[in-house]
Structure formats: C-alpha cells, structure tokens
Amino acid sequence: MSKTVNDILQQEVDKRRTFAIISHPDAGKTTLTEKLLLFGGAIRLAGTVKARKASKHATSDWMEIEKQRGISVTSSVMQFDYNGHRINILDTPGHQDFSEDTYRTLTAADAAVMLIDVAKGVEAQTIKLFQVCAKRGIPIFTFINKLDREGRSPFDLMEELEQVLGIRSVPMNWPIGTGRELCGVYDRMKDQVELFQGDDHSTIKVQKVDGYEDSVIRDMAGEFLHDQLCQDLELLDVAGDPFDLEKVLSGQLTPVFFGSAINNFGVQTFLENFLQLAPKPEPRRSTAGLIEPTNEKFSGYVFKIQANMNPAHRDRIAFLRIVSGKFERGMSVKHVRVGKEIKLSQPQQFLAQDRDIVQEAYPGDIIGLFDPGIFRIGDSLSQGSEVVFDELPTFSPEIFAKVTVKNALKHKQYQKGIDQLTEEGTIQVFQTVSFDDTILGVVGQLQFEVFEYRMKGEYGVDVQLQRMPYQFARWIIDDHIDPSKFRINSTLVKDKKGNYVVLFENEYAMRTAMDKNPTAQFLETAP
Ligand code: GDP
C-alpha cells in the first residue's frame with residue numbers, strides 16, 4: 001500500500017528533534033556542538049564552529065562581528081541526520097552576543113540541553129536561560145562536561161541543580177574516578193561501563209556488566225575506584241529519584257550525563273539517549289486551538305529577524321519555526337497579521353556562510369525567509385485558516401543607555417528608526433518623566449551595537465549612547481502612584497504605551513521601593 005501524504009508527514013515529524021544548548025560561556029558548547037555535528041557527518045561545519053572562537057574580539061563594527069562570528073550569529077540553526085533522526089540544533093549566542101534573540105530562540109526549541117562545567121557548576125547565564133526554558137516547561141537534559149578535569153563531586157552538583165535551579169535530577173551515568181583518575185563512566189540504564197583506553201584516552205571500551213557490583217569493574221578500575229562507585233550508586237539507588245519519563249518530559253526532572261566533550265567521551269551515549277527520550281515536535285497553542293504538527297495545512301511563526309546578514313544585499317532574514325504541515329519552496333501562505341497571501345520563494349537554510357536553498361521542510365525545522373521588511377517577530381504564517389500562535393514573550397531589560405541624535409535635523413528619521421526597531425523587538429524604549437530623555441533598554445550589550453549600526457546604515461542617523469547605571473526595570477501597577485517614593489537610586493519613565501516604569505540601579509533600591517509601596521505591583525515586563 002502506498003503511503004498517504006499524512007503518513008509521510010507523521011514519519012517526518014516522528015524523526016525530528018529540535019533543541020537548543022544552554023550554557024555559560026566556556027562550558028564547552030562549541031566543542032560539544034562540533035562533536036555532535038561530527039556524528040551526523042556534517043564535518044563541513046566542524047571547522048567553522050571552531051573558527052568562531054578564533055575571532056572572539058569586540059569590535060564596534062557589527063557587520064564584521066557578524067561575518068567573523070560566522071556560525072554563531074549567521075547560522076542560527078544547524079541540521080544533521082543521525083540514526084534515522086533529523087536533528088536541528090538552535091544556536092543561542094552567549095557573551096556579548098547575548099540578546100533578546102537568545103531568549104526568543106528558546107521558544108522555537110522543543111527541548112534544551114544544559115551544559116555545565118564540572119568545576120564551575122551552575123553559572124549566571126545558565127540560570128537565565130534555564131528559567132526561560134522552565135517557564136515553558138520543556139524537557140531539559142543536563143550534560144556535565146570536562147570530566148577529565150578536577151571538578152566538584154557529582155552529588156554536590158546535583159544538589160546545586162536543585163538549590164539554584166529548583167530541578168530534581170537523575171544521573172543516567174556516573175563517573176568512575178574523576179579528573180586525572182577518571183577511567184570511565186558506569187551507564188546506569190544499560191548496565192554497562194564505558195572506559196577510556198590508551199594514554200591519550202582516544203579509544204573507548206564498552207563492556208556489559210552484571211550491575212555495578214560486578215567484579216569485572218573491579219578488575220578494570222581497581223579496588224579503590226570500584227568501592228567508591230558502589231558506595232555512590234547504592235546511595236543513589238536508595239535516596240535518588242528514579243528515572244521517570246513523564247517527569248522528564250514535563251521539565252520536572254533532568255536526566256544527567258557525565259562526559260568530556262573535548263575527548264568525545266560520553267557524547268555518543270548522550271546523543272543516543274537524548275534522541276530516544278527527547279520529544280518530537282509538539283502541538284502549539286494558537287487562536288485556533290492546539291495545532292498538531294501533523295495537520296496537513298502548513299503553519300509556522302517568526303521568532304527572530306536578522307538584519308543585514310549580507311552586506312552586498314542589505315536584506316533581512318526572518319527565521320520561521322514550522323509548526324505544522326509540509327513546507328515546499330514557492331508555496332503561497334497567508335501572512336496573517338497583514339492579511340495577505342505571500343509566496344515563499346526564497347527560503348534559506350544556513351550552514352556556515354553558505355546559503356542553501358531549502359526545497360522542503362517539516363515541523364520542527366527552521367527556515368530562513370528572505371524579508372524585504374514585511375515580517376515582525378511573532379508573525380504567524382499559515383495555509384488555509386487564519387492561525388495566530390501565542391505571542392512571543394518579552395523580557396525585562398537589564399542594560400540601559402540614554403540615546404541622543406548627533407544632528408538635530410535628522411530627528412524625523414531618528415524617530416522612524418526607533419519606532420521600527422522597537423517594533424522588531426530589537427530594543428525597548430522609555431521616556432523619562434522629568435526631562436523627556438529617551439532611554440533604551442536591552443538584555444545584551446550587542447543590541448546597542450546593532451542599534452547604533454542600523455540607525456546609521458538604514459536611517460542615516462548618528463546616535464550617541466550613554467550607558468546608564470540602571471539594572472532593573474519594573475512596570476508599576478498602582479492607581480495612586482507617587483513618584484517621590486521611588487526616588488532612591490531610581491528613575492521614573494514611561495514605556496511606548498504610556499505605562500509607568502521605574503528603573504532601579506540596584507536590588508536594594510528596588511526592594512526599598514517595594515517596601516515603601518506595599519500596594520503597588522512591580523512587574524518585570526509590560527502588563
Ligand atoms: P563555549 O564558550 O561554551 O562555546 O566553550 P568552548 O567549546 O569554546 O570551550 C571552552 C574551553 O574549554 C576550550 O578551551 C575547550 O577546548 C575547553 N573544553 C571543552 N570541552 C572540554 C572538556 O571536555 N575537557 C576539557 N579539559 N576542556 C574542554
């Protein structure tokens with residue numbers, strides 16, 4: 001019997017896994033990504049992933065940054081095949097590239113891989129990204145990296161996951177020795193040991209055993225390490241959480257894998273387990289109810305817009321996450337917000353600097369659409385009925401700068417630029433109540449650089465940015481607002497819609513204002 005269109009769609013959905021790696025800079029994300037891509041045979045990319053690291057310098061020329069950072073910024077999605085799966089890795093830029101895009105990209109992922117340095121544990125950026133994932137309730141898989149180095153005890157790290165992130169964990173494997181003593185890991189699910197071999201640890205031996213007490217492990221790892229392993233695992237068996245797939249899928253329990261990305265140790269096991277446990281593309285909420293990925297009508301939403309990726313073309317790319325149906329090049333879809341049919345004729349997929357034209361794609365995939373300025377973040381595209389997906393979240397700005405125009409005659413273009421860039425979600429804009437100064441708020445420094453660059457490039461306006469000492473913005477809900485009560489290290493501003501917002505220099509100032517105004521509500525984002 002021949003396959004129906006729906007069978008094929010189902011098959012394509014079943015084999016897809018779309019995820020993002022979340023981590024703090026230097027935990028090894030580049031290294032892990034590279035190893036994963038190598039498993040999929042996407043060797044062509046491996047060099048490029050590395051190349052990004054060689055050019056880690058700050059320069060005010062955003063275009064240069066774009067070009068040099070290559071895969072990090074330009075190539076927001078990497079795709080490869082492994083064991084019958086099609087895998088999409090969404091890049092979440094860190095460091096100075098950190099921006100609201102980083103957060104929004106997470107909405108396009110169905111699962112996250114949280115990468116942690118065994119010596120450093122949970123770090124600042126990991127916490128931020130984790131919280132965004134936790135809010136959505138997506139499953140989070142933990143990879144504890146750099147096991148070849150001296151690090152913290154696994155129990156200690158599990159405790160930290162619970163204390164700092166509030167998530168329970170279940171170790172899927174467990175180190176046998178650590179640092180220089182590391183000889184391998186015990187796989188708790190498969191009852192096997194994976195041992196390093198050779199001086200350079202370049203080969204790995206896999207041996208089935210009869211439980212962790214098996215004397216085979218003793219022969220291989222020595223008495224001391226085996227005793228330690230038995231002690232640890234007994235404790236885990238008694239006091240640890242059992243593996244529970246339902247809890248994993250709802251984001252309440254994170255499976256933990258130990259390994260060393262640079263030695264390619266534990267990476268394959270991780271990938272295989274991940275592919276088995278991680279969810280395929282799931283239905284998404286919309287105004288028309290839940291949209292199943294197997295719905296034959298194509299639909300998707302724009303989660304990121306990248307401007308000026310190619311200096312020669314001065315074009316924009318809108319990144320679309322496919323939610324349902326099959327994408328075919330040249331197809332017509334409804335741009336729901338503007339109420340027009342548009343033809344998707346120039347879809348692109350980014351592999352390093354190449355722009356491959358995508359012919360077809362399925363739910364879970366991300367395509368880059370050529371954007372002559374018609375898309376906004378959050379726009380929905382759909383075939384047939386008018387489907388609008390849930391609004392993308394906005395985030396509380398943490399970095400602020402006062403903006404002024406160098407040439408007052410350019411005020412009109414300046415206003416146009418600000419309006420456009422606010423709409424795109426590149427920046428948030430505030431006016432101070434006292435002096436009518438314009439203050440921009442962002443979550444990452446790069447957004448200021450992008451702002452300056454685009455104001456000049458697209459609107460011909462030179463702007464001057466002066467960093468302000470604020471760290472928090474809180475939207476105030478109160479009928480009887482008394483600005484004088486917010487004065488300590490803070491400034492009262494209004495957002496574009498006229499909502500009152502207070503910018504605080506530090507946590508203390510914010511707490512004081514809250515204590516003094518017990519009836520007011522302080523919201524992290526606009527109501
Ligand atoms: P990113 O900033 O998270 O992308 O981190 P990178 O992948 O660039 O790694 C940061 C540093 O850690 C680099 O010097 C890597 O070579 C190193 N590194 C990555 N994985 C491992 C590992 O498993 N063991 C050790 N010892 N170093 C690692």
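The exercises below work through a predicted model, with solutions.

Residues are numbered from 1 along each chain as its sequence is written. In this predicted model, local features need pLDDT of at least 70, side-chain atom pairs count only at pLDDT 80 or more, and totals for chains, interfaces and linings use all residues.

**Exercise 1. The chain overall**

Task: State how many helices and strands the chain has, and what percentage of its residues count as buried.

Solution: 
- Start with secondary structure. The chain has 14 helices and 29 strands. Helices (H or I, at least four residues) and strands (E, at least two) are DSSP runs, numbered from the N terminus.
- Next, burial. A residue is buried if 20 or more other C-beta atoms lie within 10 Å of its own, exposed if 12 or fewer, and partly exposed in between, with C-beta atoms placed from the backbone. Of the 527 residues, 43% count as buried.
- Then contacts. Two residues are in contact if their C-beta atoms, placed from the backbone, lie within 7 Å. Among contacts with a separation of 6 or more, 69% join residues 24 or more positions apart.

**Exercise 2. The ligand shell**

Task: Find which residues come nearest to the ligand, and which element gives the largest share of the shell.

Solution: 
- The shell holds 17 residues; Gly28, Lys29, Thr30, Thr31 and Ser260 come nearest. Here a residue is near a molecule or strand if its C-beta atom, placed from the backbone, lies within 6 Å of it.
- Helix α2 (residues 29-39) gives the largest share, three residues.
- Sort by class. Four shell residues are nonpolar, seven polar and six charged. Ala, Val, Leu, Ile, Met, Phe, Trp, Tyr, Cys and Pro count as nonpolar, Asp, Glu, Lys and Arg as charged, and the others, Gly among them, as polar.

**Exercise 3. Helix α2 and its partner**

Task: Explain why α2 is largely enclosed by the rest of the structure, and describe how α2 packs with helix α11.

Solution: 
- Nine of the 11 residues of α2 are buried, so α2 is largely enclosed by the rest of the structure. The buried residues include Lys29, Thr30 and Thr31.
- α2 and α11 (residues 267-277) pack at about 70 degrees, with axes 10 Å apart. Angles of 65 to 115 degrees count as roughly perpendicular, under 35 as roughly parallel, over 145 as roughly antiparallel and the rest as oblique. Therefore α2 is roughly perpendicular to α11.
- Leu32, Lys35, Leu36 and Phe39 of α2 meet Val267, Gln268 and Leu271 of α11. By class, this contact has five nonpolar, one polar and one charged residues.

**Exercise 4. Helices α12 and α13**

Task: Describe how α12 (residues 411-424) and α13 (residues 445-459) cross.

Solution: 
- Their axes come within 10 Å and cross at roughly 125 degrees. Axes are lines fitted to C-alpha atoms, for helices over the stretch in contact, and angles run from 0 to 180 degrees between N-to-C directions.
- That angle makes α12 oblique to α13.
- The contact draws on α12 residues including Gln413 and Leu421, and on α13 residues including Phe451 and Tyr459. Its classes are five nonpolar, two polar and three charged.

**Exercise 5. Two residues**

Solution: 
- Ala27 lies in the loop between β1 (16-23) and α2.
- Beyond four places in sequence, Ala27 touches Leu115, Ile116, Asp117 and Asn145.
- Lys494 is partly exposed, because 15 other C-beta atoms lie within 10 Å.
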